[in-house]
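User: I am new to this structure and would be grateful for a close look at one part of it. Please describe that part and its surroundings in a connected account.

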Amino acid sequence: MSLGFWARSGVVVLWCMGVQGCARVPVAQEEEDVDGLADWPEPAPEHEKDIESSEHGASLVPLSAPPRASNLLVLGGGGEPSSNEIALEKNVRYFQRTLEAHGLEPASASVYFANGNDGQATVRYLEEKAGKKAREQFKVPEIPHLKGPATLERFLEWVDQSARETPHQPAFIYFTGHGGLNSRHRNNNHLALWEGDTLTVRAFGLFLNRLPSTTPVVTVMSQCYAGSFANFIYQDANPKRPVVAQPRCGFFATVDFLPSVGCTPEVDEADYKDYSSSFFAGLSGLGRTGKAVASADYDGDGRVSYAEAHAFAKVDGETTDLPISTSEAWLQRRATRKDRRRFLSSPIMEVLRGGRPDQRHVVESLVGKLGFLPELSVRDNLKSSMPRTEEAVAYVERLYMELINIGMQEKLRASGSPQALAIFDRLLQCENGSWDRPAGAAPVPVQVRAPEADATAP
């Protein structure tokens with residue numbers, strides 16, 4: 001990949017060669033160039049009346065408390081051996097170790113991966129030997145408690161079984177695999193499943209309707225263009241339609257028009273850097289190699305919520321990903337050009353005053369990483385501190401997105417709109433959920449193989 005900066009009319013744009021769909025944020029250096037940023041990551045409405053409203057329709061029943069998920073599903077792997085990298089298999093195994101760290105049995109999650117248990121060698125990895133060039137190899141999936149292949153049929157079986165046997169248990173769905181871009185309708189991208197199956201955002205939402213309308217559903221997705229799945233909160237995945245009655249929320253590796261990182265045939269987990277690795281590290285307090293990480297309990301209530309794990313990932317992930325959640329996508333869609341100009345031009349510390357503890361952590365950490373001055377605006381900081389790497393540009397983008405989130409939630413609170421507040425508050429309640437640890441259960445010691453052993457024995 002080549003990297004450079006292109007200057008035109010005072011606007012500096014990071015450009016990438018070799019990454020499909022890589023369209024990074026323009027960095028404004030002159031007052032008139034703030035308009036360029038105001039239309040990123042997608043064109044902003046000019047006026048309030050132009051905002052697509054999803055607030056009308058059936059009234060939403062608020063959640064009595066943040067959901068504690070106990071019905072867990074994992075879908076993972078590539079659609080074929082050539083795209084079924086070993087990192088995806090190791091992501092599933094790390095998820096299972098995260099369950100153990102919460103005092104949950106790995107067998108409590110329904111796991112479907114690639115070709116399942118048919119004995120075929122489909123997991124692609126690079127075998128490295130001293131003094132020799134790494135060689136591509138394939139092996140049989142090795143995942144404890146694997147139930148079968150990651151196909152559309154198995155996903156539907158899980159939904160139907162959940163509707164019959166555990167209809168009222170909050171659900172948690174983790175997808176680690178590949179995604180596809182619908183360039184004409186980015187609100188309806190898709191997951192790539194085994195045997196050429198695909199699952200669009202619209203179909204995903206429609207199938208979840210088989211569960212009771214009162215059953216919360218939370219999802220974590222790490223595929224390319226994952227942010228599109230934030231639209232599963234709407235009827236027919238259409239932001240112009242009302243929000244569905246079923247409480248839904250999700251956390252996604254990146255926005256709907258960018259690829260994500262993390263799918264590698266390399267076997268050493270110590271080198272893995274991707275959104276779900278950081279998310280589950282924040283949630284469990286343990287990194288992929290078993291090393292303890294800083295606590296993500298930013299509000300000090302004694303537990304780490306999904307939203308706090310998401311905040312941890314925004315700072316921990318040294319990648320070009322731009323993590324986003326359902327509530328954040330919903331807020332950003334409402335931000336007008338005037339709103340975005342204001343957040344870009346206002347002192348960072350001024351916008352930050354209205355932030356929740358997890359949002360304050362994100363902003364303060366990114367400001368520190370970038371060497372920005374909090375008393376200055378993002379625009380003014382960029383005049384003297386220009387990012388020079390892809391990761392640094394991503395930090396600027398994440399910071400900008402977080403300021404939009406904080407500013408828009410403050411604007412929403414001030415508006416007093418009961419319908420909009422009902423939607424937003426329920427999204428926040430859902431995102432503040434966590435896994436349900438059985439009463440009296442203690443965390444199980446997690447055994448992690450040393451990276452050196454992984455390097456020779458995947």
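Analyst: Leu258 is buried, its relative accessible area being 1%; buried means under 20% relative accessible area, exposed over 50%, and partly exposed in between, for a 1.4 Å probe and protein chains only. The model is predicted, so local features need pLDDT of at least 70 and side-chain atom pairs count only at pLDDT 80 or more, while totals for chains, interfaces and linings use all residues. Residues are numbered from 1 along each chain as its sequence is written, and side-chain values use heavy atoms, with hydrogens and water left out.

Leu258 belongs to the loop between strand E14 (248-252) and helix H5 (275-284). Helices (H or I, at least four residues) and strands (E, at least two) are DSSP runs, numbered from the N terminus. Between Leu258 and Leu181 the C-alpha to C-alpha distance is 8.7 Å, although they are 77 residues apart in sequence.

E14 pairs with strand E13 (residues 217-221) in the parallel sense over five bridges; two strands pair if DSSP finds at least two bridges between them. In this pairing Val220 stands opposite Phe251. E14 also pairs with strand E15 (residues 324-325), here in the antiparallel sense over two bridges, and Phe252 stands opposite Ile324.

The loop between E13 and E14 holds Tyr225 and Asp236. Tyr225 has a positive phi of about 60 degrees although it is not a glycine, and Asp236 likewise has a positive phi of about 60 degrees without being a glycine. Tyr225 is buried at 5% relative accessibility, whereas Asp236 is partly exposed at 31%.

H5 packs with helix H6 (residues 306-316) at an angle of about 130 degrees, with their axes 7 Å apart. Axes are lines fitted to C-alpha atoms, for helices over the stretch in contact, and angles run from 0 to 180 degrees between N-to-C directions. H5 is therefore oblique to H6; angles under 35 degrees count as roughly parallel, over 145 as roughly antiparallel, 65 to 115 as roughly perpendicular and the rest as oblique. The contact (heavy atoms within 4.5 Å) includes Tyr275 and Phe279 of H5 and Tyr306 and Phe312 of H6.
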